[in-house]
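Here is a short note for a colleague opening this entry. Please read it beside the sequence and the structure.

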Amino acid sequence: IFQTCKDYGLNGMRFHSWCPPEAAFEAADEMGFYLQPECGLWADFGNAPTRNFLDVETERILAAYGNHPSFILLAPSNEPRNYQHFTPKWAADNYTNDNRRLYAAGTGWGDPAMLHGGAQYAVVGHIGAAGLRGLSGWFGGDYRDALTGVRIPVLAHEVGQWCAYPNFSVIKKFTGYLRPGNYDIFKYIARQQGVLDEDASFAWASGRFQLECYKEEIEANLRTPGLSGFELLDLHDYLGQGTALVGVLDTFWQSKGYVTPGEFKHFCGPVVPVARLDQRTFTTAQTLNSDAEIYNFGENPIPNASPYWKILSRSGDTVAGGEWEPRDILIGKNIPLGKISADLSGLAAPGAYELEVGLKHSTVKNAWNIWLYPAQVKPSRTADVLVTNDWNAAKKYLVAGGKVLFMPSRADLDPARCPPMKNVPIFWNIQMTVRLPQNPRPRFDAMLGLLCETNSPALAEFPTDSYCDWQWTQLVNNVRSVNLKGAPASLRPIVWAIDDWNRNWKLGVIFECNAGPGRLLVSAINLDGNRGGSELQQLRRSLLDYMGSDRFHPAATLTLDQVGSLWAQNATSATGESSRVFDPDLNDGSIPPPARSPGP
């Protein structure tokens with residue numbers, strides 16, 4: 001397991017609320033891997049027995065494992081309660097007695113006692129209102145504001161937690177006394193909802209979206225001056241507490257197939273180039289500008305390094321680039337490499353490109369996907385297509401055999417059946433965050449990314465891979481997907497919204513069908529809106545050009561009544577979230593618990 005962690009660029013492991021056995025320390029010593037045990041507690045320290053247990057257990061742990069060089073950090077408890085007047089002093093006293101490692105006041109939280117009460121390091125997710133993880137530091141930013149006035153090393157707590165859809169092929173790995181009961185349930189629901197045959201595609205596409213989020217999260221940490229590192233919640237899936245599919249590895253520490261160790265290590269490793277790239281979509285009227293830095297905590301400084309940058313086309317051709325002067329790269333972070341400035345006016349658009357920063361004559365490199373659109377997206381000349389968000393008008397046009405691009409309004413879509421999409425995947429898992437008693441107003445909005453049918457000519461002029469990447473997120477964030485539960489199985493979206501594995505609704509973002517005598521293409525995204533800028537206009541152009549071509553021949557056929565049932569005029573407003581209907585397999589708290597038999 002430690003070797004797998006090292007393969008993915010990690011150099012240590014935190015043991016959440018427990019201490020591992022001797023074998024773990026011995027393996028870590030031999031491999032050069034750092035350990036942070038915890039004293040077997042996830043506790044409330046407002047009572048004497050717990051405080052006494054911590055003192056006794058600490059003494060036993062240090063006596064048993066204290067000579068291991070891998071044992072560099074020790075915390076008393078995960079997310080402790082009522083600890084402020086006890087564990088900071090515990091950390092100070094133990095450091096005085098044995099300074100061969102650093103001691104924290106606990107892991108989690110972010111109040112002053114963690115930082116200023118005597119501990120020598122802290123593992124926190126935020127400090128006050130300022131976060132040390134999450135979107136605030138993504139896209140070229142960092143978390144430096146959180147560290148003002150902090151004088152001890154800080155690690156970000158339980159970074160990541162972005163989920164991916166399960167690949168049910170993992171079920172066959174459970175043998176002996178292990179039982180994949182949770183996966184059996186999820187698979188059953190997927191079959192009932194008619195999406196089971198998309199399982200492998202959903203797993204891969206949602207995994208790639210998850211990977212992009214992990215990349216942003218980790219790079220923000222590496223860019224932050226003074227931040228000493230991070231601890232992932234996990235590199236592999238966690239099957240407890242409702243099932244948290246947060247890993248890029250499955251629960252058996254094996255690859256899920258959507259990222260290699262080498263690719264992950266480009267942004268999570270000993271030496272990582274990072275860019276302060278604050279946008280991912282551009283037009284040909286813009287210049288790409290970014291500062292580039294390098295993070296080096298490899299074994300040694302890198303003498304006479306030759307840093308470079310380049311922009312690559314989808315076919316791998318270099319279309320722009322430059323080099324910076326050779327220099328010695330010392331150990332540390334926020335080491336400047338130089339400025340990137342690329343005039344984009346001469347590049348083909350629309351197009352998908354990649355910005356790469358690296359060191360010549362080495363394997364050190366990192367890359368970011370970018371998208372380029374024309375400065376002025378010319379409108380489609382399709383004259384025989386009605387573009388509308390009025391279903392009555394659309395229906396009349398379809399009855400006459402016409403072609404319609406229909407965009408249902410938010411009010412058309414029942415909030416109990418048509419969940420909004422988000423710009424990030426599900427965090428941790430919905431079972432522990434949206435249901436009672438954790439949430440007094442349960443919700444079931446879910447998002448695990450998109451699955452795009454890249455072979456569809458409808459997307460021919462809108463560059464995309466088969467998964468949700470950053471050119472999509474502004475277009476779909478808070479947009480309601482269309483529930484296709486009542487539609488024939490032959491209706492398969494061009495762009496799917498991937499639902500949470502506990503519910504598995506068949507959700508469409510862009511789909512097409514023959515509707516009565518007419519032909520219909522539906523976009524849940526309002527293509528006449530103002531979100532997304534050039535990428536929105538390019539998507540609109542791509543869809544309309546397709547509809548105006550002789551390639552527009554949908555495979556599925558629905559009656560007009562079937563189509564109309566997918567949305568409801570005058571449906572419950574978006575403010576009526578509390579009245580939505582939940583999947584009966586997931587009690588939101590409204591179903592009374594079964595009566596207990598009286599005792600003897």
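1. **Make-up.** The chain's secondary structure comprises twelve helices and 27 strands. Both are DSSP runs numbered from the N terminus: helices are H or I with at least four residues, strands are E with at least two.

2. **Basis.** This is a predicted model, in which local features need pLDDT of at least 70, side-chain atom pairs count only at pLDDT 80 or more, and totals for chains, interfaces and linings use all residues. Residues are numbered from 1 along each chain as its sequence is written, and side-chain values use heavy atoms, with hydrogens and water left out.

3. **Overall size.** Along the principal axes, the C-alpha atoms fill a box of roughly 85 × 85 × 45 Å.

4. **Burial and surface.** Of the 600 residues, 56% are buried. Buried means under 20% relative accessible area, exposed means over 50%, and partly exposed lies in between (1.4 Å probe, protein chains only). The chain exposes about 25600 Å², and carbon and sulfur atoms supply 51% of that area. Areas come from the Shrake-Rupley method with a 1.4 Å probe; for residues, only the protein chains shown count as cover.

5. **Contacts along the chain.** Take the contacts between residues at least 6 apart in sequence: 70% of them join residues at least 24 apart. A contact means heavy atoms within 4.5 Å.

6. **Charge.** There are 53 positive and 62 negative side chains, and the centres of the two sets lie 4 Å apart. Lys and Arg count as positive, Asp and Glu as negative; His and the chain ends are not counted. Each charge is placed at NZ of Lys, CZ of Arg, CG of Asp or CD of Glu.

7. **Salt bridges.** Side chains of opposite charge can pair when their charged atoms come close. The structure holds 26 salt bridges. Each is a side-chain nitrogen of Lys or Arg within 4 Å of a carboxyl oxygen of Asp or Glu. One of them joins Asp98 and Arg100, at 3.0 Å from N to O. Asp98 is buried at 13% relative accessibility. Arg100 is partly exposed at 48%.

8. Glu293 and Arg276 form a salt bridge at 2.8 Å, N to O. Glu293 sits in strand β12 (residues 287-296) and Arg276 in the loop between β10 (271-275) and β11 (281-283), so the pair ties together parts 17 residues apart in sequence. Both Glu293 and Arg276 are buried.

9. Asp465 bridges to Arg314, with the closest N and O atoms 3.3 Å apart. The two are 151 residues apart: Asp465 is in the loop between β22 (450-452) and α10 (470-476), and Arg314 in the loop between β14 (307-313) and β15 (318-323). Asp465 is partly exposed, with a relative accessible area of 28%.

10. **Val357.** Where is Val357 found? Val357 lies in strand β18 (residues 351-359). Val357 has a relative accessible area of 0%, so it is buried. Beyond neighbours within four places in sequence, its contacts include Trp309, Trp324 and Trp368. Ala342 is 15 residues away along the chain, with 13 Å between the C-alpha atoms.

11. **Backbone points to check.** Most residues other than glycine have a negative phi, and most peptide bonds are trans. The bond between Ala349 and Pro350 is cis, with omega about 0°. Pro350 is in the loop between β17 (332-343) and β18. Glu158 has a positive phi near 50°. Glu158 belongs to strand β8 (residues 154-159) and is buried at 9% relative accessibility. Trp428 also has a positive phi, near 65°. Trp428 lies in the loop between β21 (403-406) and β22.

12. **Leu484.** Is Leu484 buried or exposed? At 1% relative accessibility, Leu484 is buried. Leu484 sits in the loop between β23 (482-483) and β24 (495-497). Not counting residues up to four places away in sequence, Leu484 touches several residues, among them Leu491, Pro493, Phe511 and Leu566. Leu484 and Ala349 are 135 residues apart in sequence and 34 Å apart in space, C-alpha to C-alpha.
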